[in-house]
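This report looks at a surface patch and a helix. Keep the structure in view while reading.

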Amino acid sequence: VKRPFSSEYAYEIGGGRKFPRSADKSKGLRHFSTKVCEKVKEKGQTNYNEVADELVAEYFDSADVIPADVEKQQYDMKNIRRRVYDALNVLMAMNIIEKEKKEIRWVGLPTSSVQECRKLEEEKVKRHERIRQKTDQLQELILQLVAYKALVERNRALERKEGRPREDSILYLPFIVINTARKTFIDCAISNDKFVLAILVDMLSGS
């Protein structure tokens, strides 16, 4: 169950003077979501106070004019910290970061739809290639089956016409045909269960 950041980090700006809403986009939630995301990604593991303190310092360091009014400075600082708090909750809801007690850990940006589409297209190409290979293999097996059946029918017809041939002239399936030079030495060995066949071909020691 995802829990939002503790309310001790939420700042309510109430009471006292009221300041007009700033048009400065550098203090908006979208801006701070990006800044917070960059901070947590850079650090890998951090906490709310560390991120908020650094962003507050960066904001005032980059400001053209720092408000002379102390109360206005306090208002801006609390507003920034509240934005950081909101941004962290947004990032946590999107599974970009994780929170364990007060520690914040970077998880990673979600895969964009463009990247996802590209991966799906690549997977589609790979699967089409596998289907093509399987189709070629199936066609080859069908041709072999047709050839075997034709051979069986031919042999049966010859046997009906001329009788069964001598046992030493019968070639049983499956068999292997090897075409080599006349002087090549070939040694064959087969396992007792007839499942493994070893063939040694020596081009130099033949007679």
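The model is predicted: local features need pLDDT of at least 70 and side-chain atom pairs pLDDT 80 or more, while totals for chains, interfaces and linings use all residues. Residues are numbered from 1 along each chain as its sequence is written, and side-chain values use heavy atoms, without hydrogens and water.

Isoleucine 186 lies in strand 4 (strands are DSSP runs of E with at least two residues, helices runs of H or I with at least four, numbered from the N terminus). Together with Ile176, Ile178, Ile190, Leu197, Ile199, Val201 and Met203, Ile186 makes a nonpolar surface patch of about 690 Å². Strand 4 (185-190) and strand 5 (197-202) are the elements that give two or more residues to the patch. Strand 5 provides the largest share, 3 residues.

## Helix 2

Helix 2 covers residues 48-62; its 15 residues should span 21 Å at 1.5 Å a residue, and its end C-alpha atoms are 21 Å apart, which agrees (the expected span is 1.5 Å times one less than the number of residues).

Which residues of helix 2 are buried? They are Tyr48, Val51, Ala52, Leu55, Val56, Tyr59 and Phe60. The face turned away from the buried side carries the exposed residues Asp61 and Ser62.

Methods
Patch = residues over 30% accessible without salt bridge, like charges linked within 9 Å, V, L, I, M, F, W, Y side chains within 5 Å. Areas by Shrake-Rupley, 256 points an atom, 1.4 Å probe, with all protein chains shown as cover. Salt bridge = Lys/Arg side-chain N within 4 Å of Asp/Glu carboxyl O. Buried < 20%, exposed > 50% of the residue type's maximum accessible area, 1.4 Å probe, protein only.
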